[in-house]
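Hi there,

Here is the structure I promised to send you. Please open it in your viewer and keep it beside this message as you read.

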Amino acid sequence: MTVTTADVLPRALLLRLIGLLVLVLAPHALRVPVWESALVAVAIGWRLAHLQRGVPLPGRVIKTLLTIAAFAGVYVTYGRVNGQHPGTALLVLMAALKLLEMRSQRDVRVMVALLYFLVFTHFLFSQEIWTVAWLLVTVVGVTGLLVEVNTRAATGDAAGRAWRQHWRLGGVIVAQALPLMVVLFLLFPRIPGPLWGLPADAGSSRSGVPDSMSPGDIAELILNEAIAFRVRFEGEPPGQRQLYWRGPVFERYDGRRWDAYPQNGPARAPSLQTLGEPVALEMMLESTRGFSLFGLEMSDPAALPAGSRLDENGQLLALRRITERRLLRQQAWPRYRLDARALPRWHRQRTLQLPVNSAPRTRALVQQWRAETPDDAALIQRALAHFRQHPFRYTLRPPRLGPQPVDEFLFTTQAGFCEHYASSFVVMMRAAGLPARVVIGYQGGARSPVGDDWVIRQSDAHAWAEVWLAGEGWRRVDPTAAVSPDRIEQGLRGAFDTARGELPAFLRRDGSTLWAMSRARWDFLNAQWNRWFLAYGPELQQAFLSRLGVRGWTQMLLWLTGLITALLLLVAAWLLWRGRPAPPADAASRSWRRLQRAAARQVDARPGEAPTAWCQRLADRQPHLRAQLDAARTAYQALRYGPESAQTEAQQQQLDRAVRGLIKALRRRRPPPAG
Amino acid sequence: MKAAVSRTVDALEQVILGKPQELRLALACLLAQGHLLIEDVPGVGKTTLALALARVLGLEFQRIQFTADLLPADVLGVSVFESGSNAFRFHPGPIFAQVILADEINRASPKTQSALLEAMEERQVSIEGKTRPLPAPFFVIATQNPLSQLGVFSLPESQLDRFLMCLSMGYPPPAAERALLAQTDRRSLLAELPCVLDAAQVQSLQAGVREVTARPALLDYILALVQATREHAGLRHGVSPRAGLALKRAAQAWAFLMGRPGVLPEDVQAVFPAVMDHRLLPAHAALHAPPSARDLLAAVAIP
């Protein structure tokens, strides 16, 4: 078989393909294991060496071995070969290995399809602005490559058009697709839940506050600067002291670890009494893969955000796992009473429970207090005073605690952060016979210097206590505030007044520097991006479209097809309009065009048809017009193609006369009777 | 002038039966000062056409049968030492004639082919450092036999471009063939052909062709056709500017034959297949069917 030019891959094309592959794979390099990046680099390097130095490509055996190694590596790393992470890793490896066996144009096409798919996989991991911008660039590149491959195939490699032209055409094609993208974005039915039921491992990277609390859990979070959620208050925001974002409520204690009792029986509504004025706010929650929505205390059970419920402990929960960013509107009552009337017996027992042998010294101390101060409120004050009067300090690096963490913390180390304080305080209250529990969530937040958003980061994670008082219900008591009031007043930064080097780097930076400002701006930009694009899920889509009068899936799909059809028709109309013949410049052609248009019903004008042939066809259908047609044609031909002469004017008049007569005759339905 | 043309055509039609279009194209080719390539099987009247043309136009005729062992000197001529005058004397080859039939041109070696083709292009011959002009008018009718392709040197594409037109005679229509069979002796018929013109008159007719008007609108049409060959995906290359010039010249000759003062798009269309078909090089046929000249004519709008 002979090798035709179409079978040979031009060097420049291959180099561009490899460049694009690197460009598309680069963000994945941050996500996949190191060995995989190395294998990809080897494949790319090999192909480049083949291209530049003529190093032979691997044979069948080596290729098979490499493929098996790739599969095995993925299996060993992830424990399986399907799912979001392993699947992507496998795809990346296969794309790189494909380089080693590319021989023909067909392979390039396969690579192009693979590149489009690889571009898409990035969205499984990130939907930030930079991702979208990056991928837009690569899509233009890949489309340009596709244009190039097809142009080469069509012209047999002869048209040596510059790659810039191909990329430009690729860019034009992508730009032309933008209106379609907008329509699809707005109208394509949003599926509730993650895209195509992302496999279970999508939940493997849970973030945010934990399901249980043991010493050290929150300290890890405090070092995390990721944004937990953003908030925009409608109206005046409450004071920093009021900003408690309520998460899980922990009532079970095993001497070291706090967690929630599993719920059994039907969910009960909280017994809630609201006071004062409500606060309305809009919340943009990052995906946590959990259920907790971290509403501001205390969510209004009468105005719950869509797709949420309020459990009996006042925690705002999503009905389904939060796997994507969500925008929700919340109404909160900063002043409220929870379970004010009475505490059921079982609940009382739960919130008084302490492991038998835990914290003997603490119990002894508290029982002594109890004997001295019978009043519950006074006892709380006494416990808080204990923290203030003794040299407790707030630190992110507390000493390790032994088998009796509460005793050791209270009497020996006296150094810790919110979870130590909350935990030991609840133990003290329970020892005194007061129902108490731990609440975790976030506290405070920072107002963005750009825009009026509040940003709540993982580092704002916090734990506090709730004590039940007769007639008042659950009262929030924050023992951390007793030790380090600045933690509550000024956020985490306030807790570290002296530079001890333990403050996370991102908090140490001065807020007035250029860097901080640009970071704030970037945050703001991201917030807008999230707010306007990423939060557009099923609920927002329904809300937005019903405001436009589009209700239900059927209507949505009807509008979708209708709009796309309309768009395509518009493009078709524009193409037709652009391709319409330009009006002729000379009088003779104009007259002739008039005649052709008038006769269009009898004979259509074919593009390459000369006047003689056209007249012949028309005369065959209308024989009585033959003489007139000949006159018109002769005049037209003489005017248009004959030597220039002095009789131009007379000829033009003759043509016009003949054309007028012909048009009149053509408009008559029937030919005149013979004779 | 008009009368001379129509008499010529009438006389030719007596001998070449049932081929008015090919006959006129051949005449137009001659009047446009181009050369003619005929691709056809033997026996369809190629030689008769050449002979008849030479006879009717009153031109000197020579026939060269190309064979594998034909040398350039056999075509161009050779200097021979004559003992009587004690000097070299040039014996002109068969190319020194006004109408030449180069039969089965693809049988000769490329060297001989190019000797002929150079002479066609330059209208002069350089032998032994001396340039000798060829007679005027100078008209070559070359034939190629498309059937037997064994041991031939096909004319390269660049050489094909030297021929103004490429015709295929084809079989005569049944009626004409019947008349052909009924005739008694074709040799005497040819000999009896009247001599309508002479060389000087032919040259003045050729000058008349150059006078035929080609208006800008028509040049636009020629340009559009040439462009179409360059943009069509089924063609490897577009045609050269020389092809555009050839098309214009051939159309002028056709309009002249039709007795028109200006070239019409119809004239361009009449000569287009003959001028273009041998210049269109198909691209990979697997991807796109190469267009015929008629396809191009149907697709390109007349501006």
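Below is what I found, going from the interface to some local details.

Please keep in mind that this is a predicted model.

**Where the two chains meet**

Start with the interface. On one side, 18 residues of chain A are in contact with 22 residues of chain B. Together the chains bury about 1600 Å², and 56% of that area is on carbon and sulfur atoms. How many residue pairs are in polar contact between chain A and chain B? The count is seven, taking pairs with both residues at pLDDT 80 or more.

Which parts of chain A touch chain B? The helices α6 (129-155), α22 (611-621) and α23 (626-641) of chain A each supply at least two residues. Of the elements on that side, α23(A) gives the most, with five residues. Sorted by class, the side of chain A that touches chain B has nine nonpolar, six polar and three charged residues.

**Two packed helices in chain B**

Two packed helices are described by the angle between their axes and the distance between the axes. In chain B, helix α9 (residues 199-211) and helix α11 (residues 241-257) pack at an angle of about 110 degrees, with their axes 8 Å apart. Angles from 65 to 115 degrees count as roughly perpendicular, so α9(B) is roughly perpendicular to α11(B). From α9(B), the contact is made by Leu205(B), Gly208(B), Val209(B) and Arg210(B), while α11(B) brings Arg249(B), Gln252(B), Ala253(B) and Phe256(B). By class, this contact has four nonpolar, two polar and two charged residues.

**A cysteine in a loop**

Now look at Cys195(B), which sits in the loop between α8 (186-192) and α9 of chain B. What does Cys195(B) touch, leaving aside its neighbours within four places in sequence? The residues are Arg55(B), Val56(B) and Gly58(B). Leu53(B) is 142 residues away from Cys195(B) along the chain, yet their C-alpha atoms are separated by 9.8 Å.

**Backbone details to find**

- The peptide bond from Glu297(A) to Met298(A) is cis, with omega near 0 degrees; Met298(A) is in the loop between β7 (279-285) and β8 (308-310) of chain A.
- Another cis peptide bond runs from Ala136(B) to Pro137(B), with omega near -10 degrees, and Pro137(B) is in the loop between β7 (130-133) and β8 (139-144) of chain B.
- Asn86(B) is not a glycine, but has a positive phi of about 55 degrees. Its place is the loop between β3 (77-82) and β4 (87-92) of chain B.

Happy exploring!

How values were computed. Residues are numbered from 1 along each chain as its sequence is written. Chains are lettered from A and ligands numbered from 1 in the order in which they are written. This is a predicted model: local features need pLDDT of at least 70, side-chain atom pairs count only at pLDDT 80 or more; totals for chains, interfaces and linings use all residues. Side-chain values use heavy atoms; hydrogens and water are left out. Axes are lines fitted to C-alpha atoms, for helices over the stretch in contact, and angles run from 0 to 180 degrees between N-to-C directions. Helices (H or I, at least four residues) and strands (E, at least two) are DSSP runs, numbered from the N terminus. Angles under 35 degrees count as roughly parallel, over 145 as roughly antiparallel, 65 to 115 as roughly perpendicular and the rest as oblique. Contact means heavy atoms within 4.5 Å. Ala, Val, Leu, Ile, Met, Phe, Trp, Tyr, Cys and Pro count as nonpolar, Asp, Glu, Lys and Arg as charged, and the others, Gly among them, as polar. Buried area is the accessible area (1.4 Å probe) that two parts lose on being put together, summed over both. A polar contact is a pair of N or O atoms within 3.5 Å; within protein, one must be able to donate a hydrogen and the other to accept it, and residues adjacent in sequence count only if both atoms are side-chain atoms.
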